[in-house]
Amino acid sequence: MTVFHFLNCAALTFGPHVVYYSATPLSEYDTIGTCVKAAVVYLGTALVKLVCLATLLKVPENDSFDPYQELMKIFIGFIDVAGLYFALTQLTHRNISQNHKFQAVGLGWAFADSVLHRLAPLWIGARGLEFTWEYIFQGLEANANLVMTLSLAALGSLMWLRKNKPRTLVPIIYACALLLATMPSITSYLRRSLEWQTPKVVGFELFSSLVMAFISWQLFSACQRPM
Amino acid sequence: MSSSPSADLLASASSALAVLLVLLACVELGDAAAAVGVYRLIQYDLAGAPLGSPAASLNHHAAALPLPAGADLSRSALVAPLLDLPLAFLREYLAEKKHLGGLLILLPKKLNDEDASANSEGKGQVKSSLAELEKLLLHEEVPYPVYFAFQDDHFDNLLSDIRKIASSGQPASATTGGYKLVVSTPEPRKVPSPTISNIQGWLPGLKGEGDTEQLPTIAIVANYDTFGAAPALSVGSDSNGSGAVALLEIARLFSRLYSSPKTRGKYNLLFGLTSGGPYNYNGTNKWLRGFDQRVRETIDYAICLNSVGSWDNELWMHVSKPPENPYIKQIFEDFSDVSKEMGVSVGIKHKKINVSNPRVAWEHEQFSRFRVTALTLSELSSPPEFLESTGGLYDNRESAGAESVIRTVRLVSESLARHIYGLKGRNIDVFAENSSLAINPHYIQSWLDLLSQTPRVAPFLQKNDPFIAALKKELSEHTADVHVQSDVLDGMFTFYDATKATLNVYQVASVTFDLLFLLVIGSYLIILFSFLVITTRGLDDLINIFRRPPSRKVKGA
């Protein structure tokens, strides 16, 4: 029954991406090309990040939380933002609306992230005889990550693509984007320094992704309003 | 299109719902897979009849006692602590040829746990049930895999979990989750031509001037190998590790005496550590056969040491010649003189040998068959049965005390010295304490410790085994002409390898859980889909999706 479990976990991990694509107008306007391009950009970004991590970081001797190293990691994490910037602004998408563009980029980005980080452990681990909750949590994490990437892409499109936005909202947009970009470091801090258990961390991730999505939505609709 | 961020929100809401459902389904987090070292029940053929357990690989769900009524164990592995396992149950299964998926017997922690030694009653119970279990399993063919493991916290948790599942009323099967025990080992193979290695060493005596006759020889012999239900646990501290240790100490004491020409006696001393003891002293037979007839005839008498590690004040001298025989009488007198001084008693037991009977209960009987006067010193008052008292599961370091070995060494070496130097009747302690010839308790302790950590079932000890090399080296420290004689164990026995294995314990999810999980994920994805369609395209679109096949929809678009 282990293949069953594997399929369940895979559905939880990758299902939402597919559902999101097929349920929203993304599928109607055939934005798969944009998704694939974003995924390719993600791969490039991941490569650059790996090189940076390998050159700038020491191998940790223990599992403790080293502030300097973590700071470096946050800075390296911003490479993600640069990658998203590249995907949103530099890639030429044939007549795709801004709304669809950020969704397609966020979706492609999150899907590539899930495939790269979660598929191999799932394939190796979830088919083992031993039952663990690990892969279920991993699937939930993928969900939270999707929501967060979409929020970040939405904020990114506000920052870089929309010219006429309410001036008062600009600092808030930047602050939220910064918070979203540091989210991986925050969860890593919770996990390692405060020694939160996986269920708690995943719960936090889901909750925070929910909150951030709500805020992004509010900001997005505020900018959408005609001034 | 401001509605798509709200779809994110809805996605989050549904994911939160999913978390809730999963958290409801999850009661406690599962343990990781554990790997435990386990010891397989011996598998051997005796004169063609398969005995022990021919099965090695195990892949079944774990079950625990007490069993639910009418439980079918043919597809489950029974995990039972030794003291909870009713032997009647096992006998019934063996007699009725009922099949069991497997059996994992949990031995009390290290057998010499503080708890067990604290109450001697519990210890005695462990010992007796182990002996009975071993006897049962050794002489039967057990068609399912049987493993031994030491009980620890992990197994305690496992047992209580299994009982919890069982008490909820469902039978142990794939639908209740629980634990799966997996041992994946290759099919056990025959041990090709099992060897037995006998180690001998000489302490040559001093010939007088112009003495052309061969000096008489006194042999001291002990078998060092063991046999038990789990070959990898068969350390035999008492049977016959204690005898081997006593022999090494006697060799050490006399090597000191024989190192100076002044104190070198007029007897050659021959020390023999023999193998194949459990198999009717097959090794002793081979060893004696290997001697030249003339050398064999010089052996005045042989003292065999067997199970001398746990006696208090009564030791038995087993002989196959009548006690009235002058030789025997004289040796017995030597022993009883010393024993009286030591405040212990030595009894004599006479058992005639029957040459037509292949069973050889005592090592000295092999000597007697070669017409060499011999005796066995043992704490056992009656001859052991075949494959009994050969270093079974219970025979560990706890069952052999250095004190008993020291007493044996004193008794044997003191009486030997009086015999060799003709000090009979004179009250002289040759090996008095605090003298340079004193018995060394640390030496005995450390050798007992070493032997108690080394499983020594002869077929699994290759002739170049480090343990045999260590024995050879130790004997050559004290004696001369040390020689290892390797021979093939006689063909009645066939042994199979795979004595040790690794048991993987997996906590597995039940099929019901998987189905439930599928249901949760399916509904989550469907809800997510519906919400996204409604919020981004409107309710009508959702209904349209179900109304028309998508291919026509695309065409229409």
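1. B:V79 belongs to strand β5 of chain B, residues 76-81. Helices (H or I, at least four residues) and strands (E, at least two) are DSSP runs, numbered from the N terminus. This is a predicted model: local features need pLDDT of at least 70, side-chain atom pairs count only at pLDDT 80 or more, and totals for chains, interfaces and linings use all residues. Residues are numbered from 1 along each chain as its sequence is written, with chains lettered from A and ligands numbered from 1 in the order in which they are written.

2. Is B:V79 buried or exposed? B:V79 is buried, because 26 other C-beta atoms lie within 10 Å. The cut-offs: buried is 20 or more other C-beta atoms within 10 Å of the residue's own, exposed is 12 or fewer, partly exposed is in between; C-beta atoms are placed from the backbone.

3. Beyond residues up to four places away in sequence, B:V79 touches B:A62, B:A64, B:L104, B:L106, B:L158 and B:L159. Contact means C-beta atoms, placed from the backbone, within 7 Å. B:A149 is 70 residues from B:V79 in sequence; their C-alpha atoms are 9.9 Å apart.

4. B:T185 sits in the loop between β8 (179-183) and β9 (195-203) of chain B. B:T185 is partly exposed, because 15 other C-beta atoms lie within 10 Å. Neighbours within four places aside, its contacts are B:A56, B:S57, B:A498 and B:A501. From B:T185 to B:K463, 278 residues along the chain, the C-alpha separation is 25 Å.

5. An unreviewed UniProt entry annotates residues 515-539 of chain B as "transmembrane region". UniProt positions follow the numbering used here, feature names are shortened, and annotations may be inferred rather than shown by experiment. In the model, residues 515-539 of chain B are 96% helix and 0% strand, with end C-alpha atoms 30 Å apart.

How values were computed: Two residues are in contact if their C-beta atoms, placed from the backbone, lie within 7 Å.
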